[in-house]
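Thank you all for coming; I would like to take a few minutes to walk through one model with you. Please have a look at it on the screen before I go on.

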Amino acid sequence: MNRSVSRIAGLAILIAALSVLGSSCATNPVTGRQELMLLSRDQEIDLGKATDPEIVREYGRYPDAELDAYVTALGSKLGAASHQPDLEYTVKVLDSPVVNAFAVPGGYVYLTRGILAYLNDEAELAGVMAHEVGHIAARHSAQQQSRAQLAQLGLAVGSVLSPTLAQVAELAQIGLGMLFLGFSRDNERQADDLGGLYSSKIGYDAHKMANLFVTLGRLNPESGQDGLPAWFSTHPNPPDRIAAIRKAADEWQKANPQVKVVTNREQFLKNIEGIVVGEDPRRGYVEAQVFYHPDLRFQFPVPAGWVVNNTASQVQVFTEKQDAVMLLSIAAEATPAAAADAFVSGAAAVVLDSQAVRVQGLSAQRIACDVNTEQGVLRALAYFIQKDQRVYAFLAYTAQAAFDGYYGNFEQSLSGFRNLTDAARINVKPARLALRRTQAQGSLRQVLLSLGVPQDKLEAYAILNGMNLEDPVAANTLVKVTVR
C-alpha cells in the first residue's frame, strides 16, 4: 500500500472514530452528565452474564446456601438504594481465602470467604458491598471498556498513517490490557462516596466501611497503605481515604438525624460462624514436596523450589522464573485417548510421540509435542490419566530450547500422579471460624489468652477481630477464633 492510499485509509478510520464519539455518549446515572459509552446497558448486562461463569469456574462457589441467601438479601437492598435500582443485582461468595471483593458489569458482585472472615459486623459488609454496587451503578466498567476500545482504535489509525507505529502497535495493544485493568482513583473515590451513601440509606453506620482498609493495612504491613495485594490491588488507597469515608459518614448522619443507623455485629458474626478461614486443605495442599488432594484422592510430587497455585479449576506448578509450567485439570473427554486427541487438535500441536501407558497402575495416554505460539515454539509433555470416572489432563511445557533441561522435573511429576490412599493425608480439616462469648471484661489480649490462644497467634487473632490487643472488651461479647 503506498503512502497516499495509507493516508486516505487512515482518514477514513479517523472519520469512523469521530462518528463513534459523536453517537456513543450516554447519561451517567450517578452524575447525570453525558459521558462516552461504547457499551450499551444491555451489552453491559450481557458482558456480566458471560463473565460470571468464568469467574465461578476459576474460583468456585463457597458451598453455604444460608450464607448465599444472607448476602443476596443485603445485595438486593443496596441495589434498590442505588442509582440503578431496576438492575438485577447478583451476589456470590467465592471459595477463596484471598481477602477480596469485586464487581463486573451487569450487576454481579463477588465476595470471597476470605473477606467475610475479616469483616466484623453487618455495617462493614454493607459498606464493602455498597462500594462494589457503586462501581456498577456508575458504569465504571463500561467507561473502562470504552477507553480501551478508543485507545485500540487510535493505535489502528496510527498504524495506517505511520509504518513506524505499525511495528510497535501490537506490543502497545498488549500493554493496554494492563493500562485499563484497574479503576481510576476518581472512580474509586466515587465508589467510596456511593458506598457510604447506599449503606447509609438502608440504615447502616457508614463509618464502619473504613475498617476493612485498616485491617488490610495490618495484614500487609510491608506494603504500607498502598499497592496491597487482593482488594487493594484494584482499589488504590490515598493517604486520606479512611478519613474521607468517615467524614462523609459524619455529614450524612448529621443531615439525616431521623435515620437510626446500626452495625448488627452479632447478627453478622452468627451468619459467618463456621466459615473456612485460610487455605482449605480439602481442596489440595503441599507438604514435603508432594501435592495432595483429599477430596479427589490423588497426589503427585512437586519439584523443589517450584511454586504451586491451586485454583478451583486447575493446579498450576511453575518455576520461580516462570519459564516452565505444569498444569493439572480435568478433561471433558471420557477416555485418555480422546482427551489427547482433543488437546492436539485444539492446540494445533505437532506430535512427536504418542503412546498408551500405565501411570502408577492407571490407564493413560502420553504425548510429546510442539506447539507454535507468537512467542515461539513450545515443547510440551502431557499425560492424560484415567482415574475413577474422570480423565486428568497433566500438561508440562517450556520453550523448545529449554525442554531437555526441565524434562526430568516434568517426567517425575507427571508420571508420579497416583491414587491417594493415606488416611492421615485424606482426613485433614480446614480451620473454621468459631465464636466465643467473653465471661468477664478485660483487654483483648486477656480475653484471647483466657480462650487458650497461644502467644504467637495473639496478633493474628486481633487482626481477625478488627481490634488491637490492648482494646477493652466488655463481658458477654462475641470474639472470633478458629478451630479444626
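Predicted model: local features only at pLDDT ≥ 70, side-chain atom pairs only at ≥ 80, totals over all residues.

The chain holds 16 helices and 21 strands, and of its 484 residues, 48% are buried. If we take the contacts with a separation of 6 or more, 64% of them are between residues 24 or more positions apart. The accessible surface of the chain is about 23200 Å², and carbon and sulfur atoms account for 53% of that area.

Now to the helix pair, where I would ask you to find helix 3, residues 65-80, and helix 5, residues 122-137, whose axes lie 10 Å apart and which pack at an angle of about 55 degrees. Because of that angle, helix 3 counts as oblique to helix 5, and the crossing of the two is right-handed. On the helix 3 side the residues involved are Tyr70, Val71, Leu74, Gly75, Leu78 and Gly79, and they meet Glu122, Leu125, Ala126, Met129, Ala130 and Val133 of helix 5. Sorted by class, this contact comprises nine nonpolar residues, two polar ones and one charged one.

Finally, is aspartate 52 buried or exposed? This residue sits in helix 2, which covers residues 41-59, and it counts as buried because its relative accessibility is 9%, where the cut-off for buried is under 20%. Leaving aside residues up to four places away in sequence, aspartate 52 touches Lys92, Tyr108 and Tyr110.

Conventions:
Residues numbered from 1 in each chain as written. Heavy atoms only, no water. Helix = DSSP H or I, 4+ residues; strand = E, 2+ residues; numbered from the N terminus. Buried < 20%, exposed > 50% of the residue type's maximum accessible area, 1.4 Å probe, protein only. Contact = heavy atoms within 4.5 Å. Axes fitted to C-alpha atoms, helices over the stretch in contact; angles between N-to-C directions. Parallel < 35°, antiparallel > 145°, perpendicular 65-115°, else oblique. Left-handed = near helix turned anticlockwise from the far one by under 90°. Nonpolar A, V, L, I, M, F, W, Y, C, P; charged D, E, K, R; others polar. Areas by Shrake-Rupley, 256 points an atom, 1.4 Å probe, with all protein chains shown as cover.
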